[in-house]
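My entries follow in the order in which I looked.

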Amino acid sequence: ANLCHNCGACLHACQYAPPHEFAVNVPQAMAQLRGQTYADFTWPPALGRLYRHHGLVLSLALAAALALFLMLGVLRQGSLWTTVAGGSFYAIFPHGLMVSLFAPVFGFALLALGLGVAKFWRQVSPADAALTSTPALADATGLALQLKYLDGGHGQGCNNDDDAWTLWRRRFHHFTFYGFMLCFAATSVATLYHYVWGWVAPYGWLSLPKMLGTLGGIGLLLGPAGLWRLNRRRDPSQGDPAQKAMDLGFIALLFGISASGLALALLKGTPALPLLLCLHLGAVMALFATMPYGKFAHGIFRGAALLKWAIEKRRPTSLTLGSD
């Protein structure tokens, strides 16, 4: 089920799909199984169940609550609408304070994701450790980075709401994934700048962190906006309607992070900086807190499933062909 990229092709190709009386719906069954995967392997399980059924509301409420918490902290020290010398974020939230706020949340998310995928790995079909080789890892990584199976198996993409094939779902996923990775790279490079070379933010427009972050932010605007539109228009029979709130919550958080981040870059010299920073950091922290329990987890489980499949297809087969 986690190898399925929900392109919808099998629903349109199956002669027993609805409205046939057998009502065979493979994409919906696969989506429901993936949802069960998230519930079964989430740690701790109670949080996964909560987010799965109230994803959009919980995402927006959590981001708003965290942003409000940060706003109250800023108001205790000054104003939410004031020009900050040099446009420095650290003049509002010192670097040490931001690390102490975000590092535990991010660390917990990584721990929860790690425990979940480790349990998933142990309980799906066994794999020969000797076959966990560089070629298998390279194969799985290449498939994941290409989103190969969002081409529908025939290279023309997924079926959209009018039954025509389209590659836009794959393209919007690429914008989202690589936008996220560019933003993560920008943060990683800025961390090196700060701790290794002692170069303190803010950085100029032509600096590597700024260029990576800007490109990533644009990708995270285009990708989630497109995925939101496709998700709202897509035939409910091509997925699990019960997971729509979880999908939309994740998309909304990504869009909110990118929109507030780009606004910060453009308006850091204006009095709007403190307010925008609180909104941006609230959305980022909400994403970190919900990563193990929302749609973000599907990429982790799918990556593990691709690696498991890459290993298993290299396993020597016991099947032999004979003749009478």
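For charge, Lys and Arg count as positive and Asp and Glu as negative, with His and the chain ends not counted; a salt bridge is a side-chain nitrogen of Lys or Arg within 4 Å of a carboxyl oxygen of Asp or Glu.

I note that this is a predicted model, in which local features need pLDDT of at least 70 and side-chain atom pairs count only at pLDDT 80 or more, while totals for chains, interfaces and linings use all residues. Residues are numbered from 1 along each chain as its sequence is written, and side-chain values use heavy atoms, with hydrogens and water left out.

What does Arg234 pair with through polar atoms? I found a polar atom of its side chain 2.8 Å from the backbone oxygen of Asn6, and a polar contact of 2.6 Å between the side chains of Arg234 and Gln238. A polar contact is a pair of N or O atoms within 3.5 Å; within protein, one must be able to donate a hydrogen and the other to accept it, and residues adjacent in sequence count only if both atoms are side-chain atoms.

I placed Arg234 in the loop between helix H8 (208-233) and helix H9 (244-267), where helices (H or I, at least four residues) are DSSP runs numbered from the N terminus.

I then turned to Asp247, which forms a salt bridge with Lys295, the closest N and O atoms being 3.4 Å apart. Asp247 lies in helix H9 and Lys295 in the loop between helix H10 (273-290) and H11, so this pair ties together parts that are 48 residues apart in sequence. Asp247 counts as buried at 14% relative accessibility, and Lys295 is buried at 19%.

Next I looked at helix H6 (residues 134-146), in which Ala136, Asp139, Ala140 and Leu143 are buried. Asp139 forms a salt bridge with Lys313, with the closest N and O atoms 2.7 Å apart. Asp139 lies in helix H6 and Lys313 in the segment after H11, so the pair ties together parts 174 residues apart in sequence. I found a further salt bridge from Arg314 to Asp139, at 3.5 Å between the closest N and O atoms. Lys313 counts as partly exposed at 44% relative accessibility, and Arg314 as partly exposed at 30%.

Terms used:
Helix = DSSP H or I, 4+ residues; strand = E, 2+ residues; numbered from the N terminus. Buried < 20%, exposed > 50% of the residue type's maximum accessible area, 1.4 Å probe, protein only.
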